[in-house]
Structures are given as C-alpha cells and as structure tokens.
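The following note sets out points for a colleague reviewing the model. Please read them beside the sequence and the structure.

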Amino acid sequence: MTVRSASRPSTLRALFVSSRPISWVNTAYPFGAAYLLGSGVGVEGGGGFSLLAFLVGVVYFLVPYNLAMYGINDVFDYESDLRNPRKGGVEGALLDKSVHRATLWAVVVTNVPFLLVLVLLGGPWSWLALAVSVFAVVAYSAPGLRFKERPFLDSLTSSTHFVSPAVYGLALAGGQWTGQLVAVCTAFFLWGVASHAFGAVQDVLADRAGGIGSVATVIGARATVRLAFVAYLVAGVALLFSSFPGPIAAVVVVPYALNVLPWWNVTDAGAEAANAGWKRFLWINYLAGFIVTMALIGFAFTH
C-alpha cells in the first residue's frame with residue numbers, strides 16, 4: 001500500500017478541513033432539535049427556553065466540538081492516514097506534523113470557553129451528559145484510551161458522539177424522559193453504531209497497515225456490512241414505538257440500509273470500494289435530516 005506525504009496547507013485551512021465541515025450539522029442539529037423540544041415545544045415538563053443557552057450550544061456543537069472530535073483523531077491517526085487514499089479532502093484531513101501541536105491547542109482554546117459557559121448555564125444532569133459527550137470525544141482517539149481500537153466499543157463510542165449532544169440538549173432544557181423519547185434516542189444510537197461500522201469497512205486495509213484495530217478489522221468487512229444493515233433495520237423498528245409522527249421517521253433508515261446492500265458479500269481485499277457507499281452516506285444524511293425535520297414540525301404541532 002502506498003504511503004503518501006502530508007501536504008502543508010496554512011494552519012487555518014488545515015483546522016477547517018480537519019473539523020469536517022460537511023459533518024458539522026450532524027452534531028449541532030441533534031442538540032438544537034432536542035433543546036427546542038425539551039424547552040417545551042412538544043415535550044411535557046420542559047424547563048423553559050433560553051436563547052443564550054440555545055445559541056451557545058448550537059455554535060459549540062457546530063464547530064468546536066467537531067474540531068475536537070476530528071482534530072484529535074487526525075493528529076493521533078497520522079500514520080494510518082498516510083496509508084489511507086481517502087484522506088486529504090472532504091472525508092478527512094491529512095494533517096502535516098507541523099500543524100499537530102497547533103491543532104491540539106486549537107481544540108483546547110475553542111472548546112474550553114464554550115464548556116465553561118455551558119456548565120454555568122446548566123445543572124447536574126446536563127453536566128453529566130456534557131461530561132460523557134466530551135469524554136467520548138477524547139477517549140475515541142487519545143493515546144492511552146484509544147476506544148477506536150477496541151472492537152465494538154469503537155462503534156458504541158462513535159455513536160455517543162452524535163447522540164450525546166441530543167441527550168445533553170434535553171438535560172440542559174430540563175425536558176422529561178418518556179418511553180417514546182427513549183425509543184427515539186435508541187433508534188438514533190443504533191443508527192450511529194451502524195454508520196460507524198459501515199464507515200470502518202472502507203478502512204480495513206489502511207487500519208491494518210497502520211496497526212489500528214476496529215470492528216471491521218476484527219470481524220471482517222463482510223460481517224461488518226451485515227452488522228450495519230441489521231442495526232439500521234432495528235433502528236427503524238425502534239422508531240415504531242415512538243408517538244406519532246415519530247413512526248413516519250422510520251422510513252429514514254431505508255436509504256441507509258439500501259446503501260450498504262451492494263457490499264453484502266464484500267471481501268476484505270475489496271473493502272476500499274465501499275468508499276462509494278460512504279460518500280453516498282454523507283449526502284443521505286441531508287435527505288434524512290429533511291425528513292426528520294418535517295417529523296419534528298409535525299410533532300410540535302400535534303402536542
């Protein structure tokens with residue numbers, strides 16, 4: 001496998017690419033939607049809306065949170081990324097070593113002020129949710145923890161990255177948990193597990209070459225694709241246990257499940273071809289976001 005050299009872009013550009021702009025909405029949206037619902041829009045017992053808390057939370061989970069999640073990963077996955085042909089663009093930065101220290105400092109400088117404000121705006125339950133969220137971000141890639149190299153825990157941790165902003169939004173708003181809400185969060189968590197697992201398929205060869213373990217390197221590309229397919233379907237079933245119009249959102253899992261089907265029998269040697277499915281996944285997220293938004297609007301108007 002070819003080992004490339006990292007290019008040396010400006011530090012700001014490197015940080016921008018490292019934060020994965022195409023994925024910013026995947027963490028800001030869950031927080032924003034959950035906070036609005038938990039504040040009283042469709043969720044009984046909401047604690048009241050605070051524009052300051054909403055704006056600080058959305059901005060934090062839009063950029064700084066993603067810079068931490070992906071920037072830390074890019075720094076400590078450098079050797080593996082050199083062997084990964086899809087790194088160096090929209091799917092992830094290939095950070096030159098000269099910007100590694102700057103990246104880690106940027107993570108601290110951009111995250112700490114927001115976290116301090118959010119702590120001041122919240123209470124014990126929101127502190128716990130925020131602590132779990134930040135810990136998952138750090139633990140996934142940081143040396144000594146490296147949850148991303150612990151098969152199955154890697155997918156569980158990655159899913160936590162996206163579900164925890166929603167849980168935090170509900171806790172910050174003071175919303176009450178119901179069985180239907182648990183069903184929605186369970187479905188979201190299973191979606192995250194499936195998405196991470198499928199994303200790991202394309203990196204089987206690069207991760208093995210870089211000495212990085214993952215769910216895909218352990219059970220193989222084929223089994224991982226099938227695991228992702230089943231997890232998507234179970235996520236759809238979980239949504240059926242939510243209140244109307246939640247079950248309508250169950251249709252969201254269909255394009256995701258269909259997207260992984262072409263690689264049902266993929267071999268480890270041909271796993272890099274699954275990158276085509278991963279690229280579609282990035283755009284399917286926007287379609288799914290539209291459907292979920294319509295469902296949330298319907299939920300607000302019917303409660």
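1. A nonpolar core is taken here as a set of buried Ala, Val, Leu, Ile, Met, Phe, Trp, Tyr and Cys residues joined through side-chain atoms within 4.5 Å. Buried denotes under 20% relative accessible area, exposed over 50%, and partly exposed anything in between, with a 1.4 Å probe and protein chains only. The model is predicted: local features need pLDDT of at least 70 and side-chain atom pairs count only at pLDDT 80 or more, whereas totals for chains, interfaces and linings use all residues. Residues are numbered from 1 along each chain as its sequence is written, and side-chain values use heavy atoms, with hydrogens and water left out.

2. Overall architecture. The protein contains 14 helices and zero strands (DSSP runs numbered from the N terminus: helices are H or I with at least four residues, strands are E with at least two). Of its 303 residues, 52% count as buried. Contact means heavy atoms within 4.5 Å; among contacts with a separation of 6 or more, 77% join residues 24 or more positions apart.

3. Nonpolar cores. The largest nonpolar core comprises 36 residues, and F198, V225, Y232, Y256 and F281 have the most contacts inside it. At least two residues of this core come from each of α9 (179-201), α11 (215-219), α12 (221-239), α13 (253-260) and α14 (275-301). The most is given by α12, with nine residues. Not counting residues up to four places away in sequence, V225 touches F198, V201, V260, W263, W264 and V266. Another core lies apart from it, with 25 residues, including A68, I72, A106 and L130.

4. W264. This residue is located in the loop between α13 and α14, and its relative accessible area of 30% makes W264 partly exposed. Beyond its neighbours within four places in sequence, W264 is in contact with R222, V225, R226 and F229. The C-alpha atoms of W264 and T224 are separated by 9.1 Å, although the two are 40 residues apart along the chain.

5. Is D77 buried or exposed? D77 counts as buried because its relative accessibility is 4%. D77 sits in the loop between α4 (64-76) and α5 (78-82), while R146 belongs to the loop between α7 (124-141) and α8 (153-173). Their side chains make a polar contact at 2.9 Å (a pair of N or O atoms within 3.5 Å; within protein, one must be able to donate a hydrogen and the other to accept it, and residues adjacent in sequence count only if both atoms are side-chain atoms). Leaving aside neighbours within four places in sequence, D77 is in contact with R146, K148 and I212. R146 is also buried, at 11% relative accessibility.

6. Backbone points to check. Most residues other than glycine have a negative phi. R146 has a positive phi, near 45°. R20, in the loop between α1 (11-18) and α2 (25-38), likewise has a positive phi, of about 55°. R20 is buried, with a relative accessible area of 5%.

7. Surface. The protein exposes about 13,300 Å², of which carbon and sulfur atoms supply 72% (Shrake-Rupley method, 1.4 Å probe; for residues, only the protein chains shown count as cover). W105 lies in helix α6 (residues 100-121) and counts as exposed, at 56% relative accessibility.
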